[in-house]
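Here's a quick briefing on the cavities, salt bridges and surface of one protein model. Have a look at the structure first, then work through the notes.

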Amino acid sequence: MESAATAYFDRALKLGAHPLGYWEIRRLWLQQGPDDPSLVPADIHHPLVQARNLELSGDLDRAAAAIRYWNPSTAVESVTRGVLLARIALHANEFDRAIDLALPLAREQGSPAGALIAARALIARDTTSDGSPVHSADLSDALELLLETRDAQRVWGYDTSAVVVLAVTAARLLNDPTRAMALATPPPDGEATEIEAAAPSVRAIYALMSAENGVLEPARLLLEQEGIAPSLVLQLKGAVAAADGDSEAAIHYLSEALELVEEWDQKGQLAVKLATMGYLHPFVGDQLQVGNEEFAAELKLIAEAFGDAPGALQRLRAAAHSSARLSMILSQLYEARGDTANQLRALTAAAERLNDANLWLVAAGIARRTGSDADAVDYAEHARSSAPQAWGAHEQALMILIESYAALREWDEATTHAALLVKARPEDETAIWTLITCQYHAGELAAALGTWITVARKQRPHRREHVTVWLGLCQEFGEAIASAEDFVAVAAQFPDDEEIRRFIVGLVLLPAADGGGSQDADGLAGGERSELDATGVLNQDNPGRADGGKADPDDPRATLIRDYFRDFPDGQIRQFTVDLEEDAVGLLDQIAAHVGERPDTSEFDGQIFSGAFPLGVISLTHGATYSEAVVSHASGVRFARGDAENDRASALESLDGRPVLDTTAAFALSALPSPSRTLLMAPFARLTVAAEQFRDAVQGLQAVNRFGHAGPNIGQWKGPVALRGHSAPANGNRSDRARIAALVGFMRPLPRASRVAGFPAQDAEDRFEDAAWFAAVAVAADEAPLWSDDRALNLIAAHFGVVTFTTLGLVDALESESRISTSDARDIRALLVAERYVGIPFEPDLYQLALDSHPAASVDLASVIECLDGVSADNVIRWMLTQAPSLLGDGHLLELWMSACVRYLVRVSPDEVSTTANLRLLSSRIARSIWVVPSSFGFIDRGFMDGLDGAVLDPLADGIDRAFQLLATRDRGMATRWLFDLLAGVDPLRRPVYLGILLRP
């Protein structure tokens, strides 16, 4: 664009453009580099040419008079006149006047030259002002104006390098090094265009900042090149010398640079830089002669303080008491000494005293960089509340808030502020993907997808941290986000990044489930899995094909898999061959030979299965989310409460309060019908969930959608029925997907809260810091009761002073207070029995209601029955045998039902004699039952043997023997046929036991 403008002006001058002097000056403004003698204006009588010559000679008053004498004839000429007057005012150090003249030209006329002059004047006024609150926003205003000008000039293709360099200067003076670096850095790490980043002046300022951060290579490379302005060369040499510890050389180079720069604001900044190195440049003395006594005095004080002159630090502290600028300098002095505590103390005290937003913001940035994220949030919020409406650093404050909330894992707050950032920067890719990232980690994947579609316009991100989120959305929504070709492009973008390449291969091997991710009928969305955590077992001949068909070698999916194993032979996804002709045990042995034996966690697991450890700690050894462990009953049964009376009393005490719901209680509520759920929720003023547990539930939903079931899959082949392998139905309202989707749907509209800071105060905090299962305890702390259906977790919470109650205790309390009816209480308890809650006394009608209401829950009820006490043993067994005929259609369920019967009797029998007697009675009742027929007896026998768990007893054979003998007394032939019929379904190894009955006398 500018080359075209240059050609246009040259041609106009050649054709005799009028008035000549005006066009000569306009052409001169487009000049780049050293003065070109051919461009010296010839129309020496034109007021603009006269003004230029007077300005060059230093006669600024006469130059301004010449311009005022000129009477423009067009609007463009009027803008030109204003720009020249503003520039002269800037050079005369009349900063207020320069701003008054230039700012309207920039804001109202869109003049880039006016914007540059106004920005320089704002920066210079901040450098020399007395710290008046009236001008406290000068730097942020300058940055905002420069960014607006940069964006406008980009549209027209103008050279924006001068604007970018000045914007970098403003950001640095605002003590925002991150933004300053981003302004000079091209994507994906910065916001400069490729052309801007390649401009010599921008490269120089980038190299200068890098050198000040100890990265010297860009500066050294630039110093080897030609065409860099001498003043910048000197500044680069000074920065390199300072980084090398040669302060004398650094002062020498920066002093020479100060002599070369023309703009007063640049001289002033270099003079301040030298003062912070303990050196007072002669330029400071010159300011005394031109009336800048206060500025000179301040620089003298700064030089003395940084030079460790006696008493200088105390004098600087005193002067900083009423000056925001000197408070900033005092902060830099403490920073140079490595005294972060005093640095923050000085900044926050001055910010509060002066109500200065910029000081609060600097303190927030320091707190963020040092990991004090809670303080960073506090300081940034103070900055926003004390800032003027047109404050130019609002976006910087938002970024600090977003980063701090993200570090605190308060993703809901981070999302709120990220949305504000996008509103301020609607076209900024980084801002948009920051919002998507926050929505993603907050568990609001549907919202993240919506932002990607409508705001990001379905574009792939460039920055690595955003790419991982994009891959997470791919994992959730599949081809709605990306194609195989997109994965190839991302793999090419990150060829050496094993984690990203592994993530992509995981998406190829385990694509998102059909139906668009974790969206249920109510629009519920699933959550994130940060990385693939699986061992791949691939068909080496046909990678990329799940159906065993022949793969196309040019298929991009096959290429992605093949290239991963080529580039990362020792990566976390393993590739090996197995013999598929082997049986299940053989296949497991082959896999174990390649990936290693699974560690023995049986002792640890036993503590969870007995209720001694909280359910959530199962993730320590088996992975998966807390919500998956809750939904899949990973502990076998739900050990909800300890002492029933204390639980009821705690629930009564908590009524009308604001309890925090743990995932265990939230799951119980989500499983209840809406009327019952309302009855339990109504007595409370408010229910809150831990934000961390909501995100965990969303993540669990995504996992179930992807893998088809809830983890952790630690079921056993043998042992108690409650601990058998997880086998939830694939579909229906008792499927893992339906149940965890209901949990997410229930939790989503509830208020979410983060952990109470500093809780717990003991050393245990480190152990529980990242545990989702402890999050609700940390939210409740000592401020609210905890509603949790995990006995062990409640014991831990009580240790830290948290009041707890369970759903069972709440039902008891509400029933005792007549706030729910006996019938309603009975319905709720029936559902809880079906959800494997132990501690509910056995009542035949109640357990019958549970089974009738949930016909698919027979294994769940059998699991609870295994844990009942022996108070009503006879009633329990009678009821179980009454239900057995309903299970004849499913032999496996009948087998488990009988196993639970036997295990229950063995457990409640006080001694071996009682055990033998009880089992003899059970076998006799079974043998006389009309539902013991050839098609069922094999399963009954296996159930008995399973329940005995290796004991030498064989009570069922004894019971069948007694029944045979009784029948044989009437008709031995019929008894023999009856016995042979029963044996048809018995395992071959067990048949001899029963055939022996025939040989007895």
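A cavity here is a set of grid points where a 1.4 Å probe fits but cannot get out. Keep in mind that this is a predicted model. By that rule, two cavities of 30 Å³ or more turn up, and the salt-bridge count comes to 51.

**Cavities**
- The largest cavity has a volume of about 60 Å³.
- Its lining includes Ile608, Phe613, Arg638, Asp789 and Asp790.
- Sorted by class, that lining has six nonpolar, two polar and three charged residues.

**Salt bridges**
- Glutamate 148 pairs up with arginine 107, with the closest N and O atoms 2.5 Å apart. Glutamate 148 sits in helix α8 and arginine 107 in helix α6, so the pair ties together parts 41 residues apart in sequence.
- Lysine 300 and glutamate 304 form a salt bridge at 2.6 Å, N to O; both belong to helix α18, four residues apart, or about one turn of the helix.
- Arginine 501 and aspartate 567 meet at 2.8 Å, N to O. Arginine 501 is in helix α30 and aspartate 567 in helix α31, so this pair links parts 66 residues apart in sequence.
- Arginine 501 is buried, at 5% relative accessible area, while aspartate 567 is partly exposed at 31%.
- There's also a salt-bridge network that links Arg150, Asp151, Arg154, Arg179, Glu191 and Glu196.

**Surface patch**
- Val155, Trp156 and Tyr158 make up a nonpolar surface patch, with about 360 Å² of accessible area together.
- Tyrosine 158 is in the loop between α8 and α9 and counts as partly exposed, at 35% relative accessibility.

Terms used: Residues are numbered from 1 along each chain as its sequence is written. This is a predicted model: local features need pLDDT of at least 70, side-chain atom pairs count only at pLDDT 80 or more; totals for chains, interfaces and linings use all residues. Side-chain values use heavy atoms; hydrogens and water are left out. On a 1 Å grid over the protein atoms alone, a cavity is a set of points where a 1.4 Å probe fits but cannot get out, and a pocket is an open set with protein on both sides within 12 Å along at least five of seven lines; lining residues have an atom within 4 Å of a point. Grid points are joined across faces, edges and corners, and a volume is the space filled by probe spheres set on the points. Ala, Val, Leu, Ile, Met, Phe, Trp, Tyr, Cys and Pro count as nonpolar, Asp, Glu, Lys and Arg as charged, and the others, Gly among them, as polar. Patches are made of residues with over 30% relative accessible area and no salt bridge: like charges are joined within 9 Å, nonpolar side chains (Val, Leu, Ile, Met, Phe, Trp, Tyr) within 5 Å. Accessible areas come from the Shrake-Rupley method with a 1.4 Å probe; for residues, only the protein chains shown count as cover. A salt bridge is a side-chain nitrogen of Lys or Arg within 4 Å of a carboxyl oxygen of Asp or Glu. Helices (H or I, at least four residues) and strands (E, at least two) are DSSP runs, numbered from the N terminus. Buried means under 20% relative accessible area, exposed over 50%, partly exposed in between (1.4 Å probe, protein chains only).
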